[in-house]
Amino acid sequence: MFSVISETINWGGKNLTLETGKLSRQADGAVVVKYGETTVLCTCVFSKKTAENASFFPLTINYQEKFYSAGKIPGGFVKREGKPSDREVLIARLIDRPIRPLFPDGFLNEVQVVCTTLSYDSECSTEIAALIGASAALSISGVPFLGPVAACRVGYDENNGFLLNPTKKSDLELTVAGTDEGILMVESEANELSESIMLDAVMFGFESFQPVLEMIKKLKKLAGKEVLEVIPFEKKYSEISKKVEELSIEKIQEALSIKEKLKRRDMLEKAKEEVFEKLSEEQDKVILDTLFESILAKTMRNNLLSTKKRIDGRKLDEIRPITCEIDILPKVHGSALFTRGETQALVVTTLGASSDEQILDSIEGESRESFMLHYNFPPYSVGEIGRLGAPGRREIGHGKLAWRALHALIPNKDAFPYTIRVVSDITESNGSSSMATVCGSSLSMMSAGVPMREHVAGIAMGLIKEGKDYVVLSDIMGDEDHLGDMDFKVAGTKDGVTALQMDIKITSINREIIENALKQAKEGRLHILNIMNSVISNAKSDLNANAPRVETLVIDKDKIRDLIGPGGKVIKEICEKTQSKIDIDDDGVVSIFSSDREKMEETLSIVKSICCPPDIGSVFNGKVIKITDFGAFVSIGNKEGLVHISNIADHKVKSVADVLKLGQEVKVKVIDIDEKNRIKLSMKDV
C-alpha cells in the first residue's frame, strides 16, 4: 500500500530520520521527522495558481503540539488542544523566518506548512525537528523553494565548549538556521557572552547542520516532484515597470530626502496615487503598487551604497537622539519612557506575590514563570487606524525577544521574592521597537527597585547588500528595515551579549558580515548604556510606596495545613481581614505581601500565633473568647492564654467586663508559660 522513502543519519549522537510516502499522501509534500524518539509530521500544500490581486507572498506556517505526544491530557476545563499557545506561536515564527526568504520574486501562490508534534521524548528538540521537516516537505512538494534549509541548537560552557543540540541548560541557548551558502536566521539567549563567542557559536551551528542539508537533498532526488515554473516579476512586467519608474523616480528621490517619517510617507503616497491615476487603465493597481515599491527599494538602496548617507542624514554607525525618563506615572510600582528618534516605549513594572506567577502548561510539563514581559503595538503608534484585540504573532515574538535579553539579569527568588510583570506599550514607532522595549524595561525595573546588577540595552542593525558591495547600518528605522536585507537585533550589558535575533531577506550572509554587525552593534550598545546610566545606574534601594512589601518566615511543615485550614478557609479569612497576600511553599517558607506596614504586622502576628509556638516576650493579636471574674481568656491562633485582671490595664480594673467584651480583638504579650504549658498573657505590657 505504501511506497516509503527514507533517509537516516547519526546527528549529535542521535538518529535523525526523514520519511515520506506513508502519512498524509494527499499533501503536496509530507515528511515525518524522527529525532531520537521525538516525531513531527510536516506537510506542505500550495495553490497551483497565483491568487488574484496578490500583493504579497501568502505563506502560512502553523506549528501544533498534541498533548498525547508526551502522554498528557491538556489542563483546564476544555480537555482538548485549542488556540495556539505562546510556545507554539514562537516555534511557528522560528520556522517561518528562515523559510520565507527562499521563494523567488514573482511567486505569489498561497502556501501552507503545518508541523504537528506526534511524539516527544523530552530530550530532542521539537522545534529543530519541525524546521528540518518543513524544509524537507517544501523541497519535495514541487513548490519553487530555493532551499533546503536546516537548523540546530547550540549550547556553550567554559569546560566543554560548544554543544550540539544540548539537553541541559547552559550559558547559551542559540538556534541557528541557514543553507549551504550561509546563515539565514539566529535566535538566542545568553549569559553575557562576548561577541567573539557568539560569532563562533553561530558558525559552529552552521557547520553542524551541513549533514542535514545533504540528507534533505538526497530525499529530494528520490521523492521530489517537478517544480512549478515561475516567471520573475520584473521580467513579466518589464514594460509597465519602465513607465512606473519614469513617472515616479523624481518624486521618490525627493521623498527620500525628507527626514520626518510621516511627511516622507505622505509624499510617497502622492507619487503612488499619480502612478495609479495615469496607468490604472493599463495595469491592475496591485501590480502597480508592487512595481512602485520595487523601484522605491532599488532607489533607496542605490543611494545608500553610493553616498553612504542614510535617509535621515545619519552616518552608517550613528544612533538616533535618545531620551530616557523614569517615574513618570505616580501610582505604578515602576515606570520609564524610552525615546529613540521616532520610536518610543512606555514601560511599566508591577511587583506581585508568588501566587501571581504565570502557570504554563505544555508537552514539556507544567511550569511557573515569575518574570513576565508583555509587548503591545497599538495602531496609533504608526499613525494608523486599526483593530485592537488579542496579541498577534509579532507582539508575542517581540515580547519574548525582550524577555530573553533581560532574563539573565533578573535576580533569583531568594534575593527578590517577587513576581515581576513588565508591560511595554509602544506609543510611537519608526523601527526597532523591540530594542526600545529592552532599554525601557531595564529602566523601569530599576525604577521599581528590582535589584538588577546593571542595565541591558538593545540595538537593531541593518544591511544593504548588492553583489559583494554592502553596508551595515546601526539603529535602523522602519524604511531601512522594510527595504533592507537584514534585521539583526543585539542586546546585552557592557560585559557581554544576552540576546541575538537575526533575520535575513536575501538567501544568506557570511561570517564577515555577522562579525562586522556584532562589532558595530557593541559600539552602539555601549553608547546607549551610557545614556541610560546617566538617568539611573543602580536599582532604587526602597520600593515605590504603592508596591507590596514582603516579610518571610519559616514554619514547621506540619503547621502548613493549620495555616491553610479546611478548604483554604483560614488563609482566606486572614487575607480578607488584613488585605494582604500570603504564599506558602512546600518547605514551610511563608511570604506575606502587603503595601501597608500595619496590615503587614497584623498578618505576621496572626500567622505566628497559628504556626509558631509562643515564646515569652512574643506579641500577638488575639480575640477575647471567655470572661471571668479574675480575668479573660484570649485566643492566639490555635492556642489560648489567660490575661489576669491585674494585667489588663495600667490602672486598677474593678470588673473585667467593664473593659473587655467577648469577641473583642486585643494585642497581648506572652509573659509566662508554666510547666503545664499554660500561657499567661498581658495587655498592659504590650
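Buried means under 20% relative accessible area, exposed over 50%, and partly exposed in between, with a 1.4 Å probe and protein chains only. This is a predicted model: local features need pLDDT of at least 70, side-chain atom pairs count only at pLDDT 80 or more, and totals for chains, interfaces and linings use all residues. Residues are numbered from 1 along each chain as its sequence is written, and side-chain values use heavy atoms, without hydrogens and water.

Q: What makes Phe-103 buried or exposed?
A: Its relative accessible area is 7%. The cut-off for buried is under 20%, so Phe-103 is buried. Phe-145, at 8%, is buried too.

Q: Why is the pair of Phe-103 and Phe-145 called tilted?
A: Rings of Phe, Tyr and Trp (its six-membered ring) pair if their centres lie within 6.5 Å; planes under 30 degrees apart count as stacked, over 60 as edge-to-face, the rest as tilted. Here the centres are 5.4 Å apart and the planes make 50 degrees. That angle falls in the tilted class. The structure holds 13 aromatic pairs.

Q: Which parts of the chain does this pair link?
A: Phe-103 lies in the loop between helix H1 (86-99) and strand S6 (109-119). Phe-145 lies in the loop between helix H2 (126-141) and strand S7 (150-157), 42 residues apart from Phe-103. Helices (H or I, at least four residues) and strands (E, at least two) are DSSP runs, numbered from the N terminus. Phe-103 and Phe-145 also belong to one aromatic cluster with Phe-57 and Phe-107.

Q: What makes the class of the pair Phe-206 and Phe-209?
A: The centres are 5.7 Å apart and the planes stand at 85 degrees, so the pair is edge-to-face. Phe-206 is buried at 14%. Phe-209 is buried at 0%.

Q: How do you know that the charged end of Lys-400 sits over the ring of Trp-403?
A: The test asks for NZ of Lys or CZ of Arg within 6 Å of the ring centre and within 35 degrees of the ring normal. The charged end of Lys-400 is 3.8 Å from the centre of the Trp-403 ring. Lys-48 sits likewise over Phe-46, 4.3 Å from its centre.

Q: Why do S18 and S20 count as paired?
A: Two strands pair if DSSP finds at least two bridges between them. Strand S18 (residues 457-466) and strand S20 (residues 486-492) have seven, in the antiparallel sense. In S20, Lys-489 is the bridge partner of Ala-460.

Q: What makes S8 and S19 stand at the edges?
A: The open sheet has eight strands, in the order S8-S7-S9-S10-S21-S20-S18-S19. Strand S8 (161-164) and strand S19 (469-474) each have a single partner strand, so one side of each lacks a neighbour in the sheet.
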